[in-house]
Amino acid sequence: AKFSPDGTRVLTASVDHVAKVWDTESGECMHTLTGHEGEVKLAVFSPDGTKVLTSSADHVAKLYVAKLWDAASGKCRQSFMGNAGRVGSALFSPDGTRVLTVAESTANIWAVESGQR
């Protein structure tokens, strides 16, 4: 589990293929981030707290934008596909404009806005 940079939310990753964003004040689930086909191994907030990055055993790292979430649809903003194997680690650059994914023996750096390497 990870706190958001401002401490108002907590992010959890789960074996049931989802990540969840929780309100720290009420303890209620604000968003359920769906779309992975495997166990969500990692979930982190971007440095400014506006985005969530998840990585999974489904060979895909997904980037979610918290402010654009529709609770009913669980819509994803960007998918980083083409990793060579299971994505075991994923993180934002300090300025939040790039994402690093590490999949078994490879590492990729992706542009957040375009999804391109």
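**Close-ups of a predicted model**

**View 1. The structure has 1 aromatic pair.** Phe 80 and Trp 110 make up this pair, which is tilted, with 5.4 Å centre to centre and 50 degrees between the planes. (Rings of Phe, Tyr and Trp, the latter by its six-membered ring, pair if their centres lie within 6.5 Å; planes under 30 degrees apart are stacked, over 60 edge-to-face, the rest tilted.) The two residues sit 30 residues apart, Phe 80 in strand β8 (residues 78-80) and Trp 110 in strand β11 (residues 106-111). Strands are DSSP runs (E, at least two residues), numbered from the N terminus.

Residues are numbered from 1 along each chain as its sequence is written, and side-chain values use heavy atoms, leaving out hydrogens and water.

**View 2. The largest nonpolar core has 11 residues, including Phe 80 and Trp 110.** Such a core is a set of buried Ala, Val, Leu, Ile, Met, Phe, Trp, Tyr and Cys residues joined through side-chain atoms within 4.5 Å. Ala 90 is in contact (heavy atoms within 4.5 Å) with Val 44 and Leu 53, among others, leaving aside neighbours within four places in sequence.

**View 3. Phe 3 sits in strand β1 (residues 2-3).** Phe 3 is exposed, at 59% relative accessible area. Not counting residues up to four places away in sequence, Phe 3 touches Arg 9, Val 10, Thr 24 and Phe 45.

Methods. Predicted model: local features only at pLDDT ≥ 70, side-chain atom pairs only at ≥ 80, totals over all residues. Helix = DSSP H or I, 4+ residues; strand = E, 2+ residues; numbered from the N terminus. Buried < 20%, exposed > 50% of the residue type's maximum accessible area, 1.4 Å probe, protein only.
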